[in-house]
Each structure stands twice: as structure tokens, then as C-alpha cells.
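Work through the exercises below with the sequence and the model side by side. Try each task before reading its solution.

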Amino acid sequence: MRSWLNKFQRCPGCGNFLIHLAIKNALKELNIPKHKFFMASGIWCSGKMSQYQDGYASETLHGRSVPFATGVKLANPDMTVIAYGGDGDGYGIGLGHLLHAARRNTNILYIVADNENYALTTGQASPTTPVDIKTRSTPEGNHTRPFDPLKLVEAAGCSYNITIADKDIKGLTEAIKNGILHPGFAHINVQQVCPTWRKW
Ligand SMILES: Cc1ncc(C[n+]2csc(CCOP(=O)(O)OP(=O)(O)O)c2C)c(N)n1
Ligand code: SF4
Ligand SMILES: [Mg+2]
């Protein structure tokens with residue numbers, strides 16, 4: 001028989017477990033019922049998060065969780081809507097959506113699980129991989145400078161914009177609660193542990 005943990009398609013020690021717990025805690029502490037909650041995610045390691053929520057959810061396309069979540073919020077303004085994805089998802093292919101959502105001040109919370117790599121596709125360099133790091137796509141070391149997503153999102157006009165480590169469950173739970181309550185676009189960058197690929 002499969003254990004409770006086995007229902008999650010994640011490696012042991014993955015930081016997405018911790019973020020998952022913080023989201024669960026935050027929804028419980030804010031008394032948000034499951035029929036009033038929706039999560040849109042990108043795809044895979046981080047994208048799987050939507051499949052494990054107790055509420056409405058959709059695993060969308062790579063980089064498209066923010067526009068999907070925006071549509072759900074516009075049609076259901078009384079729902080709590082969270083978009084969720086990885087650094088490749090939100091800061092790579094989906095960056096345009098992120099900046100415009102911040103500019104429009106859409107009233108959703110966007111959580112980015114930033115493990116500094118494209119984990120599902122076996123650990124290639126992402127927009128937040130540090131210089132000199134060797135990955136599957138940078139065997140001689142990463143020559144491309146990472147950018148600071150918080151500065152970009154701030155420049156686009158976001159007024160709730162923070163970074164926090166996944167292991168700080170209490171702080172992360174508070175950050176998620178505050179992000180949900182924030183009357184506009186909120187962005188939380190979570191420094192996410194990925195023991196399989198992020199060895200730096
Ligand atoms: C449009 C599109 N391009 C590329 C892919 C292949 N792909 C799947 S997962 C992934 C990387 C995901 O990286 P990230 O968003 O950081 O999530 P992580 O797996 O690290 O949580 C890519 C490029 C895809 N599924 N769709
Ligand atoms: S590869 Fe990394 S991000 Fe993906 S499930 Fe494993 S530990 Fe988590
Ligand atoms: Mg990633």
C-alpha cells in the first residue's frame with residue numbers, strides 16, 4: 001500500500017514539501033474554505049503543487065499560471081487565487097506575464113519556488129543560476145549573469161514583494177497570509193531547496 005508521502009511526486013528533501021505545508025497553514029489560519037480557493041500552477045516539480053491542493057486548481061502551461069490565475073480572479077473576485085511556479089516558469093518563459101501582472105496590480109498572490117535551476121528537465125541553468133555554476137546546460141560553468149527578480153518586480157510596481165527561505169515555515173506562513181490579504185499583486189520568491197540538482 002502506498003504511504004501518504006508516496007502520493008507526492010517529489011524527491012525526498014524537496015523544498016516544495018515545506019512550501020506546501022506553509023500554504024496549507026496559511027489557508028487554515030485565514031479560515032479560507034476550499035470552495036473559495038483556487039491555485040493555478042506552471043508545470044512540473046513546482047507545477048505539481050496545484051494537484052495536491054484541497055480546493056479548485058489547474059496545472060496550466062509552462063509560464064502561464066499568472067494569466068490563468070488572473071482570469072480566474074476576474075471571473076471570481078471573491079475567491080482567494082494563488083499562482084505557483086518555478087524560477088524557469090516565472091522568471092524565464094513567463095517573465096512578461098509576471099511583470100504585466102505586477103504593473104496591473106492584479107489582486108492575486110504569486111509564489112515562485114526558486115531552486116535556481118530547471119529541475120524537471122534535469123537541472124539546466126535558469127535565470128537565477130549563479131555565475132560559474134556547472135549544470136547540464138553549462139558544463140564549463142554558467143557564463144550568463146543571473147538577474148534579481150525582486151528588483152524587476154518592484155520596478156514593475158509591485159508593493160508586496162519579498163524573498164524568504166523554504167525552511168522558515170513560520171515566516172513563510174505569515175508571508176503567504178500577508179500576500180493573500182494584500183489588496184493587489186503580491187510576489188513571494190521562495191529560496192527552495194532542491195537536493196537532487198542544486199548542489200551549490
Ligand atoms: C512551452 C514549454 N517549453 C518547455 C517545456 C519543458 N519544460 C518542462 S519543465 C521545464 C523547466 C521547469 O523549471 P522550473 O520552472 O524552474 O520548475 P522546477 O522543475 O525547477 O520546479 C521545462 C523547460 C514545456 N513543458 N513547455
Ligand atoms: S528535482 Fe528538485 S525540485 Fe524536483 S522534486 Fe526533486 S528535489 Fe524537488
Ligand atoms: Mg526551478
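The exercises that follow treat a metal site, a ligand shell, the nonpolar cores and a few backbone details.

The model is predicted, so local features need pLDDT of at least 70 and side-chain atom pairs count only at pLDDT 80 or more, while totals for chains, interfaces and linings use all residues. Residues are numbered from 1 along each chain as its sequence is written, chains are lettered from A and ligands numbered from 1 in the order in which they are written, and side-chain values use heavy atoms, with hydrogens and water left out.

**Exercise 1. Find which residues coordinate the magnesium ion (ligand 3), and describe where Asn115 sits.**

Step 1. Donors are N, O and S atoms within 2.8 Å of the metal (3.2 Å for Na, K and Ca), and sites may look incomplete because water is not among the atoms. By this rule the magnesium ion (ligand 3) is coordinated at 2.1 Å by Asp87 (OD), Asn115 (OD1) and Asn117 (O).

Step 2. Reading along the sequence, the spacing of these donor residues is D-x27-N-x1-N.

Step 3. Asn115 is found in the loop between E4 and strand E5 (117-118), where helices (H or I, at least four residues) and strands (E, at least two) are DSSP runs numbered from the N terminus. Asn115 counts as buried because its relative accessibility is 5%; buried means under 20% relative accessible area, exposed over 50%, and partly exposed in between (1.4 Å probe, protein chains only). Asn117 is buried as well.

Step 4. With neighbours within four places in sequence left aside, Asn115 is in contact (heavy atoms within 4.5 Å) with Asp87, Gln192, Cys194, Arg198 and Trp200.

**Exercise 2. List the residues that surround ligand 2, and sort them by class.**

Step 1. A residue is near a molecule if one of its heavy atoms lies within 4 Å of it. The residues around ligand 2 are Arg10, Cys11, Cys14, Cys45, Asn115, Ala119, Gln192, Cys194, Pro195, Thr196 and Trp197.

Step 2. Ala, Val, Leu, Ile, Met, Phe, Trp, Tyr, Cys and Pro count as nonpolar, Asp, Glu, Lys and Arg as charged, and the others, Gly among them, as polar. The shell therefore has seven nonpolar, three polar and one charged residues.

Step 3. A search of the whole structure finds zero disulfides, a disulfide being a pair of cysteine sulfur atoms within 2.5 Å.

**Exercise 3. Describe the largest nonpolar core and the elements that build it.**

Step 1. A nonpolar core is a set of buried Ala, Val, Leu, Ile, Met, Phe, Trp, Tyr and Cys residues joined through side-chain atoms within 4.5 Å. The largest one has 23 residues, and those with the most contacts inside it are Ile19, Ile23, Ile111, Ile176 and Ile188.

Step 2. Among the elements that give two or more residues to this core are helix H1 (15-29), strand E4 (109-114) and helix H7 (169-181). H1 provides the largest share, five residues.

Step 3. A second, separate core of 20 residues includes Val66, Ile108, Val112 and Ala156.

**Exercise 4. What is the phi of Trp44, and where does Trp44 lie?**

Step 1. Trp44 has a positive phi of about 55 degrees although it is not a glycine.

Step 2. Trp44 lies in helix H2 (residues 44-47), and its relative accessible area of 28% makes it partly exposed.
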